[in-house]
Amino acid sequence: MKTRRLGNLTVSALGLGCMGMSEFYGAGDEGEAIATIHRALELGINFLDTADMYGPFTNEQLVGRAIAGRRDKVVLATKFGNERNPDGSWIGINGSPDYVRRACDASLERLGVDYIDLYYQHRVDLDTPIEETVGAMKELVDAGKVRQLGLSEAAPDTIRRAHAVHPITALQTEYSLWSRDPEDDLLPTVRELGIGFVAYSPLGRGFLSGQIKSLDDLEPADFRRRGPRFQDENFRRNLGLVASVEELAAEKGVTPSQLSLAWVLAQGDDIVPIPGTKRVRYVEENAAAADLVLGPDDLHRLGVAFPKGVAAGDRYPDMSTVNR
């Protein structure tokens with residue numbers, strides 16, 4: 001597995017999103033999830049992504065069990081900021097300094113580790129100045145609890161203000177063939193500042209895999225059923241986009257997922273996609289994408305098929321918490 005740089009952090013060129021192992025994408029299987037993490041590490045994927053809100057709280061515990069005895073092989077990223085109750089109910093976005101400190105200590109305990117390699121603010125709290133939030137995060141670095149700092153779904157001005165308080169290593173934002181908005185302002189901003197870019201949902205929440213042909217392909221509890229891009233006419237229009245990926249993938253003898261991940265990887269050496277999966281066979285399939293090289297014609301065809309803004313529907317039912 002090749003490696004890439006995110007600011008001052010070296011990670012595998014492809015990461016592993018662990019969220020779906022515990023919540024949001026239907027029922028989970030802890031044994032299979034842990035086997036998936038172990039297989040990822042065997043394949044050289046060392047960049048694991050979790051958050052306290054996933055589960056809530058149980059995903060960090062699962063990841064902690066999976067990496068026990070393997071800490072030296074892992075670049076561990078987790079997040080705070082989306083505050084939830086143990087029953088899963090939503091409290092709100094919290095970036096207050098006291099909460100930052102409490103959330104970090106709780107994550108360290110659940111993960112069973114002494115430090116976090118990359119600690120993100122999951123969403124920006126508009127009621128707390130970013131300088132105060134990052135100031136508290138900097139204290140965690142000074143205390144040795146955190147190695148590097150990150151932001152998720154932050155706007156360019158917020159990134160600049162945060163970076164002035166303490167160097168930001170990575171910005172995590174949704175980026176894929178059907179979510180190309182970061183190309184307008186975010187990617188130029190982080191590149192100017194020397195900040196790496198972590199692309200979550202690089203497979204469009206699985207849509208670009210070509211395996212979702214109707215909502216019946218999703219479990220009843222799957223949160224994607226509520227997503228605007230999976231609704232009615234939006235769904236039908238987006239299926240037509242996926243057909244373009246399937247066609248080119250078939251020509252190249254690869255899967256649509258591999259082609260979609262290779263496209264993200266081709267957008268810059270400072271970009272690291274973190275496709276999520278909870279199954280061994282899919283982490284093996286995704287890992288192979290790191291060796292897939294797309295030529296100029298491949299990239300042109302995909303760019304024509306997926307210009308910015310082509311996907312029908314917003315990324316979330318409520319877009320008010322992103323790009324803040």
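The model is predicted.

**The loop between S4 and H2**

- The peptide bond that runs from Gly55 to Pro56 is cis, and its omega is near -5°.
- Phe57, also placed in the loop between S4 and H2, has a positive phi of about 75° although it is not a glycine.

**Aromatic pairs and one cluster**

- Across the whole structure, a search finds 11 aromatic pairs.
- One of these is formed by Phe24 and Tyr54, an edge-to-face pair with 6.4 Å from centre to centre and 85° between the planes.
- This pair links distant parts of the chain: Phe24 is in the loop between strand S3 (16-17) and helix H1 (30-42), while Tyr54 is in the loop between strand S4 (47-49) and helix H2 (58-67), 30 residues apart.
- Phe24 has a relative accessible area of 19%, so it is buried; Tyr54 has 6% relative accessibility and is likewise counted as buried.
- Tyr25 and Phe223 make an edge-to-face pair, with 5.3 Å between centres and 75° between planes.
- Tyr25 lies in the loop between S3 and H1, and Phe223 in the loop between strand S11 (196-200) and helix H7 (232-252), so this pair ties together parts that are 198 residues apart in sequence.
- Tyr25 and Phe223 are both buried.
- Phe24, Tyr25, Tyr54 and Phe223 together form one aromatic cluster.

**Arginines over the ring of Tyr115**

- Arg71 has its charged end over the ring of Tyr115, 4.2 Å from the ring centre.
- Arg147 also lies over the face of Tyr115, and here the distance to the ring centre is 3.7 Å.

**The second largest pocket**

- The second largest pocket holds about 230 Å³ of space.
- Its lining is made up of Lys2, Thr3, Arg4, Ala13, Ala262, Leu265, Ala266, Asp269, Ala290, Leu292, Val293 and Leu294.
- Strand S1 (3-6) and helix H8 (256-265) are the elements that give two or more residues to this lining.
- By residue class, the lining of the second largest pocket has 8 nonpolar, 1 polar and 3 charged residues.

**The loop between S11 and H7**

- Ser201 is located in the loop between S11 and H7, and its relative accessible area of 15% means that it is buried.
- Apart from neighbours within four places in sequence, Ser201 is in contact with Glu174, Tyr175 and Ser176.
- Arg205 lies in the loop between S11 and H7 as well, and has a positive phi of about 55° although it is not a glycine.
- With 9% relative accessibility, Arg205 counts as buried.

**Arg180**

- Arg180 is placed in the loop between strand S10 (168-174) and helix H6 (186-193).
- The relative accessibility of Arg180 is 13%, so it counts as buried.
- Residues up to four places away in sequence aside, Arg180 touches Tyr175, Trp263, Gly303, Phe306, Pro307 and Lys308.
- The C-alpha atoms of Arg180 and Val198 are separated by 13 Å, and the two residues are 18 residues apart along the chain.

**Asn323**

- Asn323 is in the segment after helix H10 (296-305).
- A relative accessible area of 45% makes Asn323 partly exposed.
- Asn323 and Glu153 are 170 residues apart along the chain, yet their C-alpha atoms are separated by 4.9 Å.
- Neighbours within four places in sequence aside, the contacts of Asn323 are Glu153, Ala154, Ala155, Pro156 and Leu186.

Terms used. Residues numbered from 1 in each chain as written. Predicted model: local features only at pLDDT ≥ 70, side-chain atom pairs only at ≥ 80, totals over all residues. Heavy atoms only, no water. Phe/Tyr/Trp six-rings, centres within 6.5 Å; stacked < 30°, edge-to-face > 60°. Helix = DSSP H or I, 4+ residues; strand = E, 2+ residues; numbered from the N terminus. Buried < 20%, exposed > 50% of the residue type's maximum accessible area, 1.4 Å probe, protein only. Lys NZ or Arg CZ within 6 Å of the ring centre and 35° of its normal. 1 Å grid on protein atoms, 1.4 Å probe; cavity = no way out; pocket = protein on both sides within 12 Å on 5 of 7 lines; lining within 4 Å. Points joined across faces, edges and corners; volume = space filled by probe spheres on them. Nonpolar A, V, L, I, M, F, W, Y, C, P; charged D, E, K, R; others polar. Contact = heavy atoms within 4.5 Å.
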